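Student: Can we go through this structure together? I am new to reading models.
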Amino acid sequence: MSPAMIGIIGLVVFFALLVLRMPVAMTMLVTGFAGIAAINGLPAAYATLSAESFEISSYLELSVVPLFVFMGNLAGLSGMSADLYNAAYAWAGHRRGGLAAATIIGCAGFAALSGSSFASAVTMGRVALPEMKRFNYADSLATGCVAAGGTLGILIPPSSGFVIYAILTEQSIAKLFIAGVFPGILLTVLFLLAISIVTRIRPELGPAGPRVSFGEKLATLRRASTIVLIVLMTIGGIYGGVMTPVEASGVGAFLTLIVALMRRSLSLESFKIVILQTLRTTALTFMILIGAHVFIPFMALSRIPDNLVTFLTHLDVGASGILMIVLATYIILGTFLEGIAMLVLTLPVVFPVMLELGYSPIWFGVMAVIVLEMGLISPPVGVNVFVVKGVAPDVPLNTMFRGIWPFWLAMMACLAILIVFPQIALFLPDRMF
Amino acid sequence: MSEPAKHLTRPSLDRLDRVVRATALWGGGLMLVGLMGLTVVDVVLRYLFNSPIYGARDVAKLVLLVMVALSVAYSARTGGQISIEVFSSMMGARLLRWIEVFVRCVAIGMLTVLTWRLWYSGQNAGKFGEASMALQIPYRPFYFILAVGMLLYAAVLIAEVPLYLRNRTTDLAPPSV
């Protein structure tokens with residue numbers, strides 16, 4: 001049997017196992033192992049299995065995963081997310097849609113401490129949803145802005161999405177982190193614009209909150225300044241070339257731990273919970289990467305990616321036409337495939353095509369992460385929406401998805417702007433020290 | 001017939017839950033805090049005293065490996081592994097139960113092979129003297145630790161299978177965190 005045929009059978013088995021709810025990491029491990037064994041023999045499959053497991057588990061650059069996740073979990077526990085929300089609330093809450101805007105700004109700030117969209121949505125949801133309910137915000141807008149705002153967690157550095165993209169495509173984690181800064185700010189502004197338009201058309205969705213005195217405003221800013229300091233030291237440290245991402249993640253986690261201890265918000269029990277949550281996310285990420293590193297060699301051996309690259313690059317639609325096809329496919333896949341699984345599965349094919357067409361790998365990483373974010377809030381498998389459902393169990397899923405659309409369109413606008421002005425993503429990484 | 005008490009229906013899983021949680025919390029947690037401490041001390045010594053810890057990278061990468069090995073089973077047990085749920089609603093409860101058993105059996109097989117190969121590679125690493133670059137820390141025990149971590153993951157799945165077979169899916173609830 002030809003390698004290409006084995007590859008096609010492998011892909012069919014891969015999707016069949018996914019449909020049967022086998023975990024994504026295990027699915028890649030099983031099909032990758034069996035595929036390599038079928039093409040190159042069992043000894044090659046055995047060698048790949050143990051070598052890749054050991055290599056990935058001891059890959060030092062991946063230390064950023066546990067350390068940044070630890071930092072984000074500690075920040076959520078120590079009330080830093082509430083500080084961010086309170087500051088944004090004090091300055092913007094009295095405007096129409098102001099509490100929703102405060103939620104988005106709070107999410108963007110928290111995203112600079114956390115690399116996970118789920119952590120951002122849960123932490124900010126717990127703080128912001130009760131407030132928006134108190135001021136009679138429509139459930140659709142309230143839950144929609146938390147779910148969408150949470151996705152900023154994987155665009156604004158540190159970002160688990162960028163780490164996985166970097167490892168799969170052998171790009172610099174530092175450059176990808178820094179490339180996410182301006183697009184993250186752009187998307188935040190577009191989300192705010194979406195809230196403004198929605199509440200202008202239907203003011204009853206987001207009534208104005210109470211006005212806060214200037215003294216109180218300054219007090220909230222002072223309290224939130226701790227976070228600004230930590231973000232400046234970590235992300236600023238990476239940009240300035242003072243620290244590597246691994247060093248920045250260690251220092252960031254340590255500083256956040258100190259702040260949590262100083263605020264006395266950390267009991268032994270809550271510390272144990274933070275550790276277990278961190279390890280759970282860490283192990284999940286590593287298992288996916290181990291699976292991917294067994295699956296990707298199988299795909300390469302089958303030559304399916306090469307053939308697809310040749311096919312796609314010879315299509316008579318031009319480079320931008322192919323980019324549109326790729327992004328549209330990602331958006332459709334994102335509606336039912338889990339985002340990381342989608343990246344792992346498609347990057348071996350899509351990434352060489354993008355390189356062949358002359359697109360910057362860093363810029364494409366930003367685009368891929370934004371499309372991944374869209375998948376997180378798209379029905380029927382909008383994982384972030386399910387996460388918010390956990391915080392607001394009384395709001396029906398239909399209502400939540402109805403509230404998502406303005407933010408989804410904002411993400412589309414962000415993609416369009418980045419296609420026209422790729423410099424927004426590339427300006428900072430091109431000027432890194 | 002009355003419902004048997006929960007602790008009587010899943011004694012092996014309860015015991016395993018305790019082992020898996022303790023392994024992740026105390027073993028993995030120690031590695032996590034250790035990795036953070038090592039990174040911070042290295043940064044401070046490098047930038048303030050211009051004298052980084054010799055071989056810090058060697059230690060850090062092996063600490064990371066131990067952390068992963070000790071947390072994989074806990075992550076699997078607490079639903080940390082991502083799967084695609086979109087088609088579940090189209091399947092009946094009985095079919096879903098058998099699918100869960102099938103998926104676990106395939107995964108147990110895969111993890112057994114992985115454990116065996118990691119153990120074998122560890123023996124080879126010992127034979128050929130594989131070690132870290134700077135400090136020459138031998139890799140042999142670390143292959144074994146990773147193998148044991150994967151074996152613990154397989155043990156979690158093995159303990160879950162009988163509960164699916166006996167339709168005791170409500171007894172499968174993992175530890176809360």
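Tutor: What follows is a short talk about the two chains and a few residues. This is a predicted model, in which local features need pLDDT of at least 70 and side-chain atom pairs count only at pLDDT 80 or more, while totals for chains, interfaces and linings use all residues. Residues are numbered from 1 along each chain as its sequence is written, chains are lettered from A and ligands numbered from 1 in the order in which they are written, and side-chain values use heavy atoms, with hydrogens and water left out.

Student: OK. How many residues of chain B are in contact with chain A?
Tutor: 59 residues of chain B are in contact with 58 residues of chain A; contact means heavy atoms within 4.5 Å.

Student: And what area is buried between them?
Tutor: About 5,400 Å², with carbon and sulfur atoms giving 80% of that. Buried area is the accessible area (1.4 Å probe) that two parts lose on being put together, summed over both.

Student: How many salt bridges are there between chain B and chain A?
Tutor: The count is 3. A salt bridge is a side-chain nitrogen of Lys or Arg within 4 Å of a carboxyl oxygen of Asp or Glu. One of them joins the side chains of E247(A) and R46(B), at 2.4 Å from N to O.

Student: Which elements of chain B touch chain A?
Tutor: Those giving two or more residues to that side are α2 (11-49), α3 (56-77), α4 (93-128) and α5 (140-165) of chain B. Helices are DSSP runs (H or I, at least four residues), numbered from the N terminus.

Student: New topic. Where is S249(A)?
Tutor: S249(A) sits in helix α13 (residues 245-262) of chain A.

Student: Is S249(A) buried or exposed?
Tutor: S249(A) is buried because its relative accessibility is 0%; buried means under 20% relative accessible area, exposed over 50%, and partly exposed in between (1.4 Å probe, protein chains only).

Student: What does S249(A) touch?
Tutor: Leaving out residues up to four places away in sequence, S249(A) touches S63(A), V64(A), L67(A) and F68(A). A polar atom of the S249(A) side chain also lies 2.6 Å from the backbone oxygen of V246(A).

Student: Which residues of α19 in chain A are buried?
Tutor: In helix α19 (residues 383-391), they are N384(A), V385(A), V387(A) and V388(A). Seen down the axis of α19(A), the buried residues fall within an arc of 155 degrees, so they line one face of the helix. The arc is that of the directions from the helix axis to the C-beta atoms.

Technical notes. A polar contact is a pair of N or O atoms within 3.5 Å; within protein, one must be able to donate a hydrogen and the other to accept it, and residues adjacent in sequence count only if both atoms are side-chain atoms.
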